[in-house]
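Please open the structure in your viewer and keep the selection panel at hand. The tour moves from one selection to the next and says what is found at each stop.

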Amino acid sequence: MTEKPITVMIVEDDEVAAKIYEQFTLKLEGFQIIATATTGKQALDMLHVFTPDVLLLDIFLPDMNGIDLLREVRKHYRGIDAVMITAANDVETVREAIRGGAYSYIIKPIMIDKFMSTLEQYANTRRQLQQHTTMDQTAVDKLFTKTVHAPFPKTGETVTMLPKGIDKLTLKLIRDKMQVITQSVNADDLAALAGMSHSTVRRYLEFLVSINEVTVETFYGTVGRPERKYRWAEQDGKMMRDA
């Protein structure tokens, strides 16, 4: 049975930022954008018509504070989750977002891999809650504890433990392909070269970026359509090899 898509409403007054969120959300399997609002009032009006699963919610809106909007959503739409995306990094705003029940909080300027991994984690949380009628303490702890990543390996060290979703053999294949490419490449081109899906290749590329084996640059061509290009990185004259 096909899972229902996770429906998303973007609440963001910066049209370019909203387009970027939409583009990268749609790259994730199982997500669907159903509405975009540029003001708090517009979002509340839309909620009378659309009931999304999750809001991608800015805090600095033209007509109201996103925290206040979150409180209104909590009063009337208990089943809607929220991921805050904002330049606000003061402790009080973060505290109020937690009190308001925000699922996550991403500080601008956002890192695309952080944005996408947050949505993937949200999808996994929903899946876990839908698949079980009861949960033991261990399962509950996993839902309430954010994933902790091991520190980056030091120069010359190899990665001995791989995170969930990263397979050793697939990682080696992506590494091998990247090492023979002499110029920057995007995930689509590498996916075609490796015979894999875009989402799989992008996940492995972002992992290699996180451990400093691959560098990434974001190029802005057509407005709202940034492109990430990856290149194999040399570290102190030697390349990091197999995990």
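What follows is a tour of a sheet, then of aromatic pairs, then of a single tyrosine.

This is a predicted model, in which local features need pLDDT of at least 70 and side-chain atom pairs count only at pLDDT 80 or more, while totals for chains, interfaces and linings use all residues. Residues are numbered from 1 along each chain as its sequence is written, and side-chain values use heavy atoms, with hydrogens and water left out.

**The sheet**

Begin with the open sheet, whose 5 strands follow the order β2-β1-β3-β4-β5 with parallel pairing; strands count as paired if DSSP finds at least two bridges between them, and strands (E, at least two residues) and helices (H or I, at least four) are DSSP runs numbered from the N terminus. Select β2 (31–37) and β5 (104–107), which stand at the edges with a single partner strand each, so that one side of each is left without a neighbour in the sheet. On average, neighbouring strands of this sheet are turned by 20° against each other, direction ignored.

Next, select β1 (residues 6–11) and β3 (residues 54–57), which run parallel and are joined by 4 bridges; Val8 has Val54 in β3 as its bridge partner.

**The aromatic pairs**

A search of the whole structure gives 2 aromatic pairs, defined by ring centres within 6.5 Å for Phe, Tyr and Trp (its six-membered ring), with planes under 30 degrees apart called stacked, over 60 edge-to-face and the rest tilted. Select Tyr21 and Phe115, a stacked pair at 5.6 Å centre to centre with 25° between the planes. Tyr21 lies in helix α1 (residues 15–26) and Phe115 in helix α5 (residues 112–131), so the pair ties together parts 94 residues apart in sequence. Both Tyr21 and Phe115 are buried, meaning under 20% relative accessible area, with exposed over 50% and partly exposed in between (1.4 Å probe, protein chains only).

Move on to Tyr103 and Tyr122, whose ring centres are 5.2 Å apart with planes at 75°, so this pair is edge-to-face.

**Tyr230**

Finally, select Tyr230 in strand β7 (residues 226–232), which is buried with a relative accessible area of 1%.

Methods: Axes are lines fitted to C-alpha atoms, for helices over the stretch in contact, and angles run from 0 to 180 degrees between N-to-C directions.
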